[in-house]
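These are my notebook entries on a single structure. I set down each item as I looked it up.

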Amino acid sequence: MKFFNTMGRSLEDFKPLELGKAKLYTCGPTVYNFAHIGNFRAYLFEDMLRRTLEYHGYQVTQVMNLTDVDDKTIRDSRAAGLSLNDFTAKYKKAFFEDLAALRIEPAEHYPEATKHIGEMIDMIQALMDKGFAYQSEDKSIYFSIEKCPGYGKLARIDMTSQRVGERVRSDEYAKDSVADFALWKAWDEKDGDVKWDSPWGPGRPGWHIECSAMSRKYLGNTFDLHTGGIDNMFPHHEDEIAQSESANGCRFVNYWLHCEHLTVGKQKMSKSLGNFYTLRDLLNKGYTGAEIRWALTGTHYRSKLNFDFSSLDQARAALRKFRDCFVRLAALPEGEAGIAETEALCARAKEAFGAAYANDLNAAAGIAEVFRFTRDVNGLMAKKQIAGTAAKRILEQYRDFDRIIGCLDVDAALAAKPEADAEEDVPAEIRALIAKRTEAKKAKDFATADAVRDELKQLGWTVTDTPSGPKAKKL
Ligand code: AMP
Ligand code: ZN
(Lines give C-alpha, C1' and ligand atoms only; values in the text may rest on other atoms or scores of the structure.)
(Ligands and ions follow the chains in the order given, each with its own letter.)
Protein backbone atom coordinates (compact mmCIF):
# COMPACT_ATOMS: atom_id res chain seq x y z
CA MET A 1 0.00 0.00 0.00
CA LYS A 2 1.31 3.45 -0.88
CA PHE A 3 0.39 6.87 0.47
CA PHE A 4 1.60 10.34 -0.37
CA ASN A 5 3.36 11.49 2.78
CA THR A 6 3.20 15.27 3.11
CA MET A 7 6.35 15.16 5.26
CA GLY A 8 8.54 13.84 2.42
CA ARG A 9 6.27 15.13 -0.38
CA SER A 10 6.42 11.68 -2.01
CA LEU A 11 4.64 8.35 -2.30
CA GLU A 12 5.80 5.93 0.36
CA ASP A 13 5.08 2.28 1.11
CA PHE A 14 2.91 1.99 4.17
CA LYS A 15 4.75 0.15 6.94
CA PRO A 16 2.74 0.11 10.16
CA LEU A 17 4.40 0.16 13.57
CA GLU A 18 2.60 -3.05 14.46
CA LEU A 19 1.92 -5.75 11.90
CA GLY A 20 -1.68 -5.72 10.68
CA LYS A 21 -2.65 -2.66 12.72
CA ALA A 22 -3.06 0.98 11.73
CA LYS A 23 -3.32 3.82 14.23
CA LEU A 24 -4.95 6.89 12.76
CA TYR A 25 -5.58 10.36 14.18
CA THR A 26 -7.97 12.62 12.29
CA CYS A 27 -8.49 16.23 13.37
CA GLY A 28 -12.18 16.66 14.05
CA PRO A 29 -14.67 19.51 13.99
CA THR A 30 -14.84 22.65 16.03
CA VAL A 31 -18.39 22.32 17.28
CA TYR A 32 -19.64 25.90 17.00
CA ASN A 33 -21.85 25.43 13.96
CA PHE A 34 -23.09 22.78 11.51
CA ALA A 35 -20.20 21.35 9.51
CA HIS A 36 -20.21 22.29 5.81
CA ILE A 37 -19.60 19.92 2.91
CA GLY A 38 -16.01 21.18 2.57
CA ASN A 39 -15.38 19.81 6.08
CA PHE A 40 -17.15 16.64 5.03
CA ARG A 41 -14.88 16.26 2.06
CA ALA A 42 -12.05 15.94 4.60
CA TYR A 43 -13.99 13.51 6.81
CA LEU A 44 -15.01 11.44 3.77
CA PHE A 45 -11.39 11.25 2.62
CA GLU A 46 -10.46 9.98 6.09
CA ASP A 47 -13.31 7.48 5.95
CA MET A 48 -11.99 6.26 2.58
CA LEU A 49 -8.54 5.86 4.12
CA ARG A 50 -9.98 3.92 7.04
CA ARG A 51 -12.11 1.69 4.81
CA THR A 52 -9.18 1.07 2.44
CA LEU A 53 -6.95 0.00 5.32
CA GLU A 54 -9.71 -2.33 6.53
CA TYR A 55 -10.30 -3.67 3.01
CA HIS A 56 -6.64 -4.65 2.93
CA GLY A 57 -6.85 -6.43 6.26
CA TYR A 58 -5.68 -3.82 8.75
CA GLN A 59 -7.30 -3.42 12.12
CA VAL A 60 -7.76 0.34 12.43
CA THR A 61 -7.83 2.37 15.63
CA GLN A 62 -9.06 5.82 14.71
CA VAL A 63 -9.33 8.85 16.95
CA MET A 64 -11.25 11.98 15.97
CA ASN A 65 -11.22 14.83 18.47
CA LEU A 66 -14.07 17.25 19.06
CA THR A 67 -12.86 20.79 19.65
CA ASP A 68 -15.44 22.02 22.15
CA VAL A 69 -13.44 24.88 23.60
CA ASP A 70 -11.59 27.52 21.55
CA ASP A 71 -11.93 31.17 20.55
CA LYS A 72 -14.95 30.51 18.30
CA THR A 73 -16.97 28.23 20.60
CA ILE A 74 -16.52 30.71 23.46
CA ARG A 75 -17.40 33.72 21.30
CA ASP A 76 -20.55 32.15 19.84
CA SER A 77 -21.81 30.50 23.03
CA ARG A 78 -21.67 33.87 24.76
CA ALA A 79 -23.45 35.54 21.85
CA ALA A 80 -26.16 32.85 22.10
CA GLY A 81 -26.44 33.35 25.89
CA LEU A 82 -25.74 29.65 26.55
CA SER A 83 -23.19 27.81 28.62
CA LEU A 84 -20.31 26.45 26.56
CA ASN A 85 -21.51 22.88 27.15
CA ASP A 86 -25.13 23.52 26.20
CA PHE A 87 -24.02 25.41 23.12
CA THR A 88 -21.58 22.77 21.82
CA ALA A 89 -23.90 19.83 22.73
CA LYS A 90 -26.26 20.84 19.93
CA TYR A 91 -23.51 20.81 17.30
CA LYS A 92 -21.95 17.59 18.57
CA LYS A 93 -25.28 15.83 18.16
CA ALA A 94 -25.72 17.32 14.67
CA PHE A 95 -22.21 16.22 13.71
CA PHE A 96 -22.89 12.57 14.57
CA GLU A 97 -26.19 12.68 12.68
CA ASP A 98 -24.36 14.05 9.64
CA LEU A 99 -21.65 11.38 9.83
CA ALA A 100 -24.36 8.72 9.83
CA ALA A 101 -26.16 10.32 6.87
CA LEU A 102 -22.92 10.16 4.87
CA ARG A 103 -22.26 6.56 6.00
CA ILE A 104 -18.96 7.56 7.57
CA GLU A 105 -17.77 4.64 9.70
CA PRO A 106 -17.51 5.58 13.36
CA ALA A 107 -14.04 6.11 14.82
CA GLU A 108 -13.05 4.12 17.90
CA HIS A 109 -12.68 7.28 20.01
CA TYR A 110 -14.18 10.79 19.84
CA PRO A 111 -12.40 12.56 22.70
CA GLU A 112 -13.73 15.97 23.67
CA ALA A 113 -11.20 18.67 24.52
CA THR A 114 -13.06 19.82 27.65
CA LYS A 115 -12.78 16.31 29.13
CA HIS A 116 -8.98 16.16 28.66
CA ILE A 117 -7.76 19.38 30.23
CA GLY A 118 -5.69 17.38 32.77
CA GLU A 119 -3.79 15.56 30.00
CA MET A 120 -3.10 18.90 28.30
CA ILE A 121 -1.81 20.46 31.51
CA ASP A 122 0.50 17.44 31.99
CA MET A 123 1.95 17.92 28.53
CA ILE A 124 2.40 21.67 28.95
CA GLN A 125 4.12 21.00 32.30
CA ALA A 126 6.54 18.60 30.57
CA LEU A 127 7.31 21.30 27.97
CA MET A 128 7.92 23.81 30.77
CA ASP A 129 10.16 21.36 32.64
CA LYS A 130 12.20 20.67 29.53
CA GLY A 131 12.59 24.35 28.71
CA PHE A 132 10.48 24.41 25.52
CA ALA A 133 7.83 26.72 26.97
CA TYR A 134 7.67 29.89 29.00
CA GLN A 135 5.15 32.11 30.74
CA SER A 136 4.48 35.58 29.34
CA GLU A 137 3.60 38.73 31.28
CA ASP A 138 -0.14 38.02 31.06
CA LYS A 139 0.39 34.53 32.60
CA SER A 140 -0.24 32.65 29.32
CA ILE A 141 2.17 29.86 28.38
CA TYR A 142 3.86 29.91 24.99
CA PHE A 143 5.87 27.36 23.03
CA SER A 144 9.28 28.73 22.09
CA ILE A 145 9.93 27.78 18.48
CA GLU A 146 13.55 28.87 18.81
CA LYS A 147 14.11 25.89 21.17
CA CYS A 148 12.77 23.43 18.61
CA PRO A 149 15.34 22.85 15.86
CA GLY A 150 12.95 20.90 13.61
CA TYR A 151 10.23 23.57 13.65
CA GLY A 152 8.91 24.15 10.14
CA LYS A 153 9.78 20.72 8.74
CA LEU A 154 6.25 19.77 7.70
CA ALA A 155 5.29 23.08 6.11
CA ARG A 156 8.88 23.58 4.88
CA ILE A 157 9.41 26.96 6.42
CA ASP A 158 12.85 28.49 6.23
CA MET A 159 13.40 29.39 9.88
CA THR A 160 16.55 31.39 9.22
CA SER A 161 14.44 34.29 7.99
CA GLN A 162 12.03 34.25 10.96
CA ARG A 163 12.14 36.74 13.80
CA VAL A 164 12.65 35.19 17.21
CA GLY A 165 10.57 35.77 20.35
CA GLU A 166 7.40 37.14 18.74
CA ARG A 167 4.17 35.69 20.04
CA VAL A 168 0.81 34.82 18.57
CA ARG A 169 -2.19 34.22 20.82
CA SER A 170 -4.73 33.35 18.14
CA ASP A 171 -4.90 29.65 17.20
CA GLU A 172 -5.04 30.30 13.49
CA TYR A 173 -2.34 32.29 11.77
CA ALA A 174 -0.61 32.33 8.40
CA LYS A 175 2.83 31.11 7.40
CA ASP A 176 4.18 34.63 7.22
CA SER A 177 3.41 35.21 10.89
CA VAL A 178 5.36 32.29 12.34
CA ALA A 179 5.80 32.97 16.05
CA ASP A 180 5.73 31.41 19.51
CA PHE A 181 2.23 30.02 19.87
CA ALA A 182 -0.06 29.69 22.90
CA LEU A 183 -0.21 26.42 24.85
CA TRP A 184 -2.26 27.84 27.71
CA LYS A 185 -4.28 31.05 27.43
CA ALA A 186 -4.64 32.94 30.68
CA TRP A 187 -8.27 33.80 31.45
CA ASP A 188 -9.54 37.22 30.41
CA GLU A 189 -13.02 38.73 30.59
CA LYS A 190 -13.84 37.70 26.99
CA ASP A 191 -13.79 34.08 28.24
CA GLY A 192 -16.70 34.63 30.65
CA ASP A 193 -17.04 31.63 32.94
CA VAL A 194 -14.96 29.35 30.72
CA LYS A 195 -11.81 28.58 32.69
CA TRP A 196 -9.88 25.78 34.36
CA ASP A 197 -7.31 25.91 37.15
CA SER A 198 -3.72 25.19 36.24
CA PRO A 199 -0.27 25.55 37.82
CA TRP A 200 -0.05 28.85 35.89
CA GLY A 201 -3.37 30.29 36.97
CA PRO A 202 -6.89 30.05 35.53
CA GLY A 203 -7.23 29.76 31.77
CA ARG A 204 -7.86 27.37 28.93
CA PRO A 205 -5.75 25.36 26.48
CA GLY A 206 -4.71 26.48 23.00
CA TRP A 207 -6.13 24.51 20.09
CA HIS A 208 -2.95 22.70 19.03
CA ILE A 209 -2.16 21.14 22.42
CA GLU A 210 -5.54 19.34 22.35
CA CYS A 211 -4.52 17.08 19.53
CA SER A 212 -1.04 16.40 20.92
CA ALA A 213 -2.43 15.43 24.34
CA MET A 214 -5.41 13.41 23.11
CA SER A 215 -3.50 11.51 20.42
CA ARG A 216 -0.91 10.52 23.04
CA LYS A 217 -3.59 9.27 25.39
CA TYR A 218 -5.38 7.08 22.83
CA LEU A 219 -2.63 6.15 20.34
CA GLY A 220 0.69 6.50 22.19
CA ASN A 221 3.75 8.72 21.69
CA THR A 222 4.28 7.56 18.10
CA PHE A 223 1.57 6.35 15.75
CA ASP A 224 1.09 5.58 12.07
CA LEU A 225 -1.13 8.11 10.33
CA HIS A 226 -2.33 11.65 10.93
CA THR A 227 -4.67 13.44 8.53
CA GLY A 228 -6.66 16.58 7.90
CA GLY A 229 -7.50 19.12 5.24
CA ILE A 230 -4.51 20.85 3.66
CA ASP A 231 -5.22 24.03 5.66
CA ASN A 232 -4.49 22.04 8.83
CA MET A 233 -0.89 21.48 7.77
CA PHE A 234 0.19 24.90 8.98
CA PRO A 235 0.12 26.00 11.72
CA HIS A 236 -1.93 23.24 13.36
CA HIS A 237 0.00 20.12 12.41
CA GLU A 238 3.37 21.86 12.50
CA ASP A 239 2.61 22.94 16.06
CA GLU A 240 1.39 19.47 17.05
CA ILE A 241 4.71 18.01 15.86
CA ALA A 242 6.72 20.62 17.77
CA GLN A 243 4.79 20.00 21.01
CA SER A 244 4.67 16.20 20.84
CA GLU A 245 8.23 15.60 19.71
CA SER A 246 9.61 18.05 22.28
CA ALA A 247 7.53 16.64 25.15
CA ASN A 248 7.90 12.95 24.27
CA GLY A 249 11.44 12.96 22.87
CA CYS A 250 10.53 10.76 19.91
CA ARG A 251 8.94 10.90 16.51
CA PHE A 252 5.24 11.83 16.56
CA VAL A 253 3.75 10.46 13.33
CA ASN A 254 5.05 8.33 10.45
CA TYR A 255 2.64 9.31 7.64
CA TRP A 256 0.95 12.69 7.17
CA LEU A 257 -1.93 12.77 4.66
CA HIS A 258 -3.76 15.94 3.67
CA CYS A 259 -6.73 16.39 1.38
CA GLU A 260 -7.21 19.32 -0.96
CA HIS A 261 -10.07 21.73 -0.64
CA LEU A 262 -13.59 21.61 -1.84
CA THR A 263 -14.04 24.83 -3.77
CA VAL A 264 -16.96 26.89 -5.04
CA GLY A 265 -16.24 28.93 -8.14
CA LYS A 266 -12.53 28.18 -7.52
CA GLN A 267 -12.53 29.58 -3.96
CA LYS A 268 -12.14 27.42 -0.86
CA MET A 269 -15.52 26.63 0.67
CA SER A 270 -15.37 28.17 4.13
CA LYS A 271 -17.49 29.62 6.88
CA SER A 272 -15.63 32.91 6.78
CA LEU A 273 -16.24 33.47 3.04
CA GLY A 274 -19.89 32.50 3.46
CA ASN A 275 -19.78 30.38 0.29
CA PHE A 276 -20.77 27.14 2.00
CA TYR A 277 -23.52 24.56 2.07
CA THR A 278 -24.06 22.49 5.17
CA LEU A 279 -24.97 18.86 4.67
CA ARG A 280 -28.43 19.79 5.94
CA ASP A 281 -28.84 22.41 3.20
CA LEU A 282 -28.37 19.68 0.59
CA LEU A 283 -30.56 17.11 2.38
CA ASN A 284 -33.30 19.76 2.57
CA LYS A 285 -33.03 20.23 -1.17
CA GLY A 286 -33.91 16.56 -1.50
CA TYR A 287 -30.51 15.00 -2.15
CA THR A 288 -29.63 11.86 -0.23
CA GLY A 289 -26.58 11.16 1.91
CA ALA A 290 -25.59 8.45 -0.58
CA GLU A 291 -25.69 10.92 -3.50
CA ILE A 292 -23.66 13.52 -1.62
CA ARG A 293 -21.14 10.87 -0.57
CA TRP A 294 -20.76 9.71 -4.19
CA ALA A 295 -20.27 13.27 -5.47
CA LEU A 296 -17.65 14.12 -2.83
CA THR A 297 -15.57 10.95 -3.06
CA GLY A 298 -15.04 10.33 -6.78
CA THR A 299 -12.18 12.79 -7.23
CA HIS A 300 -8.66 12.10 -5.97
CA TYR A 301 -8.23 13.52 -2.48
CA ARG A 302 -5.13 15.49 -3.47
CA SER A 303 -6.96 17.35 -6.27
CA LYS A 304 -9.21 20.32 -5.70
CA LEU A 305 -12.87 19.50 -6.20
CA ASN A 306 -15.19 22.22 -7.39
CA PHE A 307 -18.71 21.77 -6.08
CA ASP A 308 -21.78 22.31 -8.21
CA PHE A 309 -25.26 20.85 -8.19
CA SER A 310 -24.84 19.02 -11.49
CA SER A 311 -22.45 16.65 -9.71
CA LEU A 312 -25.28 15.64 -7.38
CA ASP A 313 -27.60 15.02 -10.31
CA GLN A 314 -24.91 12.89 -11.95
CA ALA A 315 -24.52 10.98 -8.67
CA ARG A 316 -28.25 10.32 -8.65
CA ALA A 317 -28.16 8.98 -12.21
CA ALA A 318 -25.10 6.79 -11.57
CA LEU A 319 -26.47 5.25 -8.37
CA ARG A 320 -29.81 4.60 -10.02
CA LYS A 321 -28.08 2.67 -12.83
CA PHE A 322 -26.37 0.48 -10.27
CA ARG A 323 -29.63 -0.17 -8.46
CA ASP A 324 -31.33 -1.14 -11.72
CA CYS A 325 -28.52 -3.58 -12.40
CA PHE A 326 -28.86 -5.13 -8.89
CA VAL A 327 -32.60 -5.55 -9.29
CA ARG A 328 -32.23 -7.21 -12.69
CA LEU A 329 -29.55 -9.55 -11.33
CA ALA A 330 -31.75 -10.57 -8.43
CA ALA A 331 -34.59 -11.33 -10.82
CA LEU A 332 -32.61 -13.83 -12.94
CA PRO A 333 -34.00 -17.37 -12.87
CA GLU A 334 -32.32 -20.07 -10.83
CA GLY A 335 -29.54 -21.92 -12.64
CA GLU A 336 -25.84 -22.53 -12.91
CA ALA A 337 -25.03 -20.77 -16.19
CA GLY A 338 -21.89 -18.61 -16.37
CA ILE A 339 -20.40 -19.50 -12.98
CA ALA A 340 -16.77 -19.93 -14.10
CA GLU A 341 -16.83 -16.76 -16.20
CA THR A 342 -18.38 -14.79 -13.37
CA GLU A 343 -15.84 -16.03 -10.89
CA ALA A 344 -12.99 -14.87 -13.14
CA LEU A 345 -14.68 -11.52 -13.76
CA CYS A 346 -15.21 -10.89 -10.03
CA ALA A 347 -11.67 -11.90 -9.09
CA ARG A 348 -10.18 -9.60 -11.73
CA ALA A 349 -12.39 -6.67 -10.75
CA LYS A 350 -11.71 -7.10 -7.03
CA GLU A 351 -7.97 -7.20 -7.62
CA ALA A 352 -7.98 -4.01 -9.75
CA PHE A 353 -10.39 -2.22 -7.41
CA GLY A 354 -8.35 -2.99 -4.30
CA ALA A 355 -5.11 -2.03 -6.06
CA ALA A 356 -6.54 1.34 -7.13
CA TYR A 357 -7.35 2.37 -3.55
CA ALA A 358 -4.09 0.89 -2.24
CA ASN A 359 -2.32 3.24 -4.65
CA ASP A 360 -2.75 6.42 -2.58
CA LEU A 361 -6.56 6.14 -2.57
CA ASN A 362 -7.05 6.42 -6.31
CA ALA A 363 -10.83 6.56 -6.08
CA ALA A 364 -11.33 7.60 -9.71
CA ALA A 365 -9.52 4.44 -10.87
CA GLY A 366 -11.42 2.31 -8.33
CA ILE A 367 -14.78 3.61 -9.52
CA ALA A 368 -13.75 3.15 -13.15
CA GLU A 369 -13.24 -0.55 -12.31
CA VAL A 370 -16.75 -0.77 -10.91
CA PHE A 371 -18.16 0.79 -14.08
CA ARG A 372 -16.12 -1.60 -16.25
CA PHE A 373 -17.35 -4.55 -14.18
CA THR A 374 -20.94 -3.32 -14.58
CA ARG A 375 -20.58 -3.08 -18.36
CA ASP A 376 -19.33 -6.68 -18.43
CA VAL A 377 -22.16 -7.83 -16.15
CA ASN A 378 -24.76 -6.08 -18.30
CA GLY A 379 -23.17 -7.74 -21.36
CA LEU A 380 -23.52 -11.18 -19.77
CA MET A 381 -27.15 -10.48 -18.86
CA ALA A 382 -27.94 -9.18 -22.36
CA LYS A 383 -26.56 -12.36 -23.89
CA LYS A 384 -28.39 -14.45 -21.28
CA GLN A 385 -25.13 -16.10 -20.30
CA ILE A 386 -25.69 -16.04 -16.54
CA ALA A 387 -28.38 -17.32 -14.18
CA GLY A 388 -29.21 -17.08 -10.46
CA THR A 389 -26.08 -18.58 -8.89
CA ALA A 390 -23.72 -16.39 -10.92
CA ALA A 391 -25.93 -13.37 -10.22
CA LYS A 392 -25.61 -14.00 -6.47
CA ARG A 393 -21.85 -14.07 -6.83
CA ILE A 394 -21.93 -10.77 -8.73
CA LEU A 395 -24.12 -9.11 -6.08
CA GLU A 396 -21.64 -10.35 -3.48
CA GLN A 397 -18.89 -8.55 -5.43
CA TYR A 398 -20.86 -5.29 -5.38
CA ARG A 399 -21.25 -5.64 -1.61
CA ASP A 400 -17.49 -6.08 -1.46
CA PHE A 401 -16.91 -2.86 -3.48
CA ASP A 402 -19.28 -1.11 -1.13
CA ARG A 403 -16.96 -1.80 1.81
CA ILE A 404 -15.02 1.20 0.48
CA ILE A 405 -17.52 3.05 -1.73
CA GLY A 406 -20.20 2.94 0.96
CA CYS A 407 -23.23 4.08 -1.06
CA LEU A 408 -24.10 1.40 -3.63
CA ASP A 409 -26.51 -0.10 -1.08
CA VAL A 410 -27.12 -3.47 -2.74
CA ASP A 411 -29.47 -4.76 -0.06
CA ALA A 412 -31.49 -1.57 0.21
CA ALA A 413 -31.98 -1.63 -3.58
CA LEU A 414 -33.18 -5.22 -3.45
CA ALA A 415 -35.49 -4.54 -0.52
CA ALA A 416 -37.01 -1.40 -2.09
CA LYS A 417 -40.40 -1.54 -3.76
CA PRO A 418 -40.00 -1.22 -7.52
CA GLU A 419 -43.11 1.01 -7.84
CA ALA A 420 -42.79 4.58 -9.01
CA ASP A 421 -43.39 5.89 -5.50
CA ALA A 422 -40.11 4.46 -4.27
CA GLU A 423 -38.17 7.24 -2.58
CA GLU A 424 -35.45 7.45 -5.23
CA ASP A 425 -37.95 8.06 -8.04
CA VAL A 426 -39.26 11.24 -6.51
CA PRO A 427 -37.60 14.25 -8.18
CA ALA A 428 -35.45 16.51 -6.01
CA GLU A 429 -37.87 19.44 -6.46
CA ILE A 430 -40.77 17.38 -5.10
CA ARG A 431 -38.72 16.09 -2.20
CA ALA A 432 -37.72 19.63 -1.34
CA LEU A 433 -41.39 20.67 -1.25
CA ILE A 434 -42.23 17.70 0.96
CA ALA A 435 -39.41 18.65 3.31
CA LYS A 436 -40.75 22.23 3.38
CA ARG A 437 -44.23 20.96 4.26
CA THR A 438 -42.82 18.77 7.06
CA GLU A 439 -40.93 21.75 8.47
CA ALA A 440 -44.05 23.92 8.28
CA LYS A 441 -46.11 21.27 10.08
CA LYS A 442 -43.46 20.95 12.75
CA ALA A 443 -43.63 24.71 13.27
CA LYS A 444 -47.47 24.43 13.36
CA ASP A 445 -47.59 26.71 10.31
CA PHE A 446 -50.53 24.87 8.76
CA ALA A 447 -51.29 27.58 6.21
CA THR A 448 -47.88 27.06 4.60
CA ALA A 449 -48.22 23.27 4.88
CA ASP A 450 -51.54 23.41 3.00
CA ALA A 451 -50.15 25.81 0.40
CA VAL A 452 -47.28 23.42 -0.26
CA ARG A 453 -49.72 20.52 -0.59
CA ASP A 454 -51.60 22.51 -3.27
CA GLU A 455 -48.37 23.32 -5.05
CA LEU A 456 -47.50 19.62 -5.09
CA LYS A 457 -50.92 18.83 -6.50
CA GLN A 458 -50.41 21.27 -9.34
CA LEU A 459 -47.13 19.53 -10.10
CA GLY A 460 -48.96 16.18 -10.21
CA TRP A 461 -48.01 14.77 -6.82
CA THR A 462 -49.82 13.92 -3.64
CA VAL A 463 -48.35 13.38 -0.22
CA THR A 464 -49.57 11.03 2.50
CA ASP A 465 -48.29 10.88 6.05
CA THR A 466 -47.28 7.36 7.08
CA PRO A 467 -45.73 6.05 10.32
CA SER A 468 -42.32 6.08 8.57
CA GLY A 469 -42.75 9.70 7.41
CA PRO A 470 -44.42 11.46 4.48
CA LYS A 471 -44.64 9.51 1.22
CA ALA A 472 -45.03 11.03 -2.24
CA LYS A 473 -47.22 9.48 -4.91
CA LYS A 474 -47.80 10.51 -8.51
CA LEU A 475 -51.38 11.50 -9.15
P1 AMP B 1 -12.37 23.13 10.98
O2 AMP B 1 -13.68 22.85 11.68
O3 AMP B 1 -12.29 24.44 10.29
O4 AMP B 1 -11.17 22.86 11.88
O5 AMP B 1 -12.24 22.07 9.79
C6 AMP B 1 -12.43 20.69 9.97
C7 AMP B 1 -11.75 19.92 8.85
O8 AMP B 1 -12.29 20.28 7.57
C9 AMP B 1 -10.27 20.17 8.76
O10 AMP B 1 -9.61 18.94 8.46
C11 AMP B 1 -10.14 21.15 7.61
O12 AMP B 1 -8.88 21.10 7.02
C13 AMP B 1 -11.23 20.65 6.70
N14 AMP B 1 -11.73 21.65 5.73
C15 AMP B 1 -12.20 22.89 6.00
N16 AMP B 1 -12.63 23.50 4.85
C17 AMP B 1 -12.43 22.61 3.84
C18 AMP B 1 -12.68 22.62 2.42
N19 AMP B 1 -13.23 23.67 1.80
N20 AMP B 1 -12.33 21.53 1.71
C21 AMP B 1 -11.80 20.44 2.32
N22 AMP B 1 -11.55 20.36 3.65
C23 AMP B 1 -11.85 21.43 4.41
ZN1 ZN C 1 -5.78 18.48 15.30
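Entry 1, cysteines. I looked up C211 in this predicted model and recorded a relative accessibility of 0%, so C211 counts as buried. I then turned to C407, which is also classed as buried, at 3% relative accessibility. I asked which cysteine sulfur is closest to that of C407. The closest belongs to C325, and the separation is 15 Å, too far for a bond. A disulfide would require the two sulfur atoms to lie within 2.5 Å. My search of the whole structure returned 0 disulfides.

I placed S212 in helix α5, which spans residues 207–219. Is S212 buried or exposed? I found a relative accessible area of 1%, so S212 is buried. Leaving aside residues up to four places away in sequence, I listed its contacts as M123, E240, Q243 and S244.

Entry 3, ligand 1. I counted 15 residues around ligand 1, and noted G229, D231, N232, L262 and M269 as the closest. By class, the shell holds 4 nonpolar, 8 polar and 3 charged residues.

I next examined the polar contacts. An N or O atom in the side chain of D231 is 2.4 Å from an oxygen atom of the ligand. From N39, a polar side-chain atom lies 3.2 Å from a ligand oxygen atom. L262 contributes through its backbone: an N or O atom there is 2.8 Å from a nitrogen atom of ligand 1.

On its own, ligand 1 has 490 Å² of accessible area, and the protein covers 92% of that. I also asked which elements give two or more residues to the shell. They are α1 (37–55) and β10 (223–229). The largest share, 4 residues, comes from α1.

I followed α2 over residues 71–80 and recorded K72, T73, I74, D76 and S77 as its buried residues. What do these buried residues pack against? I found α3 (84–101) and β9 (203–205) as their partners.

I inspected both ends of this helix. At its start, a side-chain oxygen of D70 comes to within 3.2 Å of the backbone nitrogen of K72. After α2 comes G81, for which I noted a positive phi, near 70°.

Note on methods
Residues numbered from 1 in each chain as written. Chains lettered and ligands numbered in written order. Predicted model: local features only at pLDDT ≥ 70, side-chain atom pairs only at ≥ 80, totals over all residues. Heavy atoms only, no water. Buried < 20%, exposed > 50% of the residue type's maximum accessible area, 1.4 Å probe, protein only. Contact = heavy atoms within 4.5 Å. Near = heavy atom within 4 Å. Polar contact = N/O pair within 3.5 Å; in protein donor to acceptor, adjacent residues only side chain to side chain. Areas by Shrake-Rupley, 256 points an atom, 1.4 Å probe, with all protein chains shown as cover. Nonpolar A, V, L, I, M, F, W, Y, C, P; charged D, E, K, R; others polar.
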